[in-house]
Amino acid sequence: MSALQLRADLYALIRAFFAERKVLEVETPILSAAGNTESNIEGFSTQFSGHVDAGARERWLRTSPEYPLKRLVAAGVGDCYELGRVFRNGEAGGRHNPEFTMLEWYRVGWDHRRLMHEVIELVEAALAMQGRRAEVLIEGYRQLFIDELGIDSAHASIGELRAPLADFGIDPAGLTRDDWLDLLLTHKLQPAFPHDRITVIHDYPASQCALAKLRPGDPPLAERFELYLGPYELANGYHELNDAAEQRTRFERDNARRRERGQREVPLDENLLATLDALPDCAGVALGVERLLMCLAGTDAIADVLAFPFSEA
């Protein structure tokens, strides 16, 4: 089956999956006056040359449709999804293309644990399209580190986090505790995930909350999950934060970190912040379509599932 046919079949499956569940397909702007403050993601920006009354001249290509989708949910649209192109600067290589496709959806009244089961159902349906199946492992973040590495992610010292990574020759300059946890996940845990398994990790450290709600406790936890098919990260989901003041604080903290790293600060999404308090209790998730296509095609090269990769675009 050609890559183009595989993509078309997957799109048809996705749309049928959500139509059956009465989740509305929507389309939101690709260009925005706001950027993504996440320090590990760089966006593309461009200049609008029209009349000044149109608004901010600098516009950012979206790195995900998350912010406008949340505005729609806050406005009462209900369960919705978008399947569309997103853009991330500097991410080009064997597994990355600066332009790629993201599927993102929101479920009103759901939390992250309920949503992760729907993501599993979608991935299972995609595999079934090819007559394939996968076992499923659902594991808490802290428990996974204990089971696989013998490390308590909540209490281990930075020295204990660094020790298993000694052979990788990683420069420790400027790396935080969360950076070392991320490196353990990407260098030690993720590569060992079996190819025929869907792995879901949930309830992350509070310091990795991103746009998720926090659950009080000892320690407090971020109500988010990540889903992997084999060693590939496919999806990242949240029990969504709906506190505008807290979200502004997180955005500003992101920009402070960007300053520390010598990166440019990016404008906050004031339209999102103006409506976030009206966001109903909901869960949302973003899934990388090319990553799923790579798994379905049995390839490690993203170019194999694109009509034309970045170098030929």
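I looked up how H1 and H9 cross, and the crossing is right-handed (near helix turned clockwise from the far one by less than a right angle). This is a predicted model, so I kept in mind that local features need pLDDT of at least 70, side-chain atom pairs count only at pLDDT 80 or more, and totals for chains, interfaces and linings use all residues. Residues are numbered from 1 along each chain as its sequence is written, and side-chain values use heavy atoms, without hydrogens and water.

Next, the geometry. H1 (residues 3-20) and H9 (residues 289-297) pack at about 120°, axes 11 Å apart; the axes are lines fitted to C-alpha atoms over the stretch in contact, with angles from 0 to 180 degrees between N-to-C directions. Helices here are DSSP runs of at least four residues, strands of at least two, numbered from the N terminus.

Which residues of H1 meet H9? I found Leu6, Arg7, Leu10 and Tyr11 there, with contact meaning heavy atoms within 4.5 Å.

Then I turned to H2 (residues 66-74): seven of its nine residues are buried, so H2 is largely enclosed by the rest of the structure. Buried is under 20% relative accessible area (1.4 Å probe, protein chains only). Glu66 and Lys70 are among the buried ones. I noted that the cover includes strand E5 (80-87), strand E6 (99-108) and helix H7 (244-260). After H2 comes Gly76, with a positive phi near 100°.

Last, I checked Trp105: leaving aside neighbours within four places in sequence, its contacts include Phe18, Cys80, Tyr81 and Val285.

Technical notes
Buried means under 20% relative accessible area, exposed over 50%, partly exposed in between (1.4 Å probe, protein chains only).
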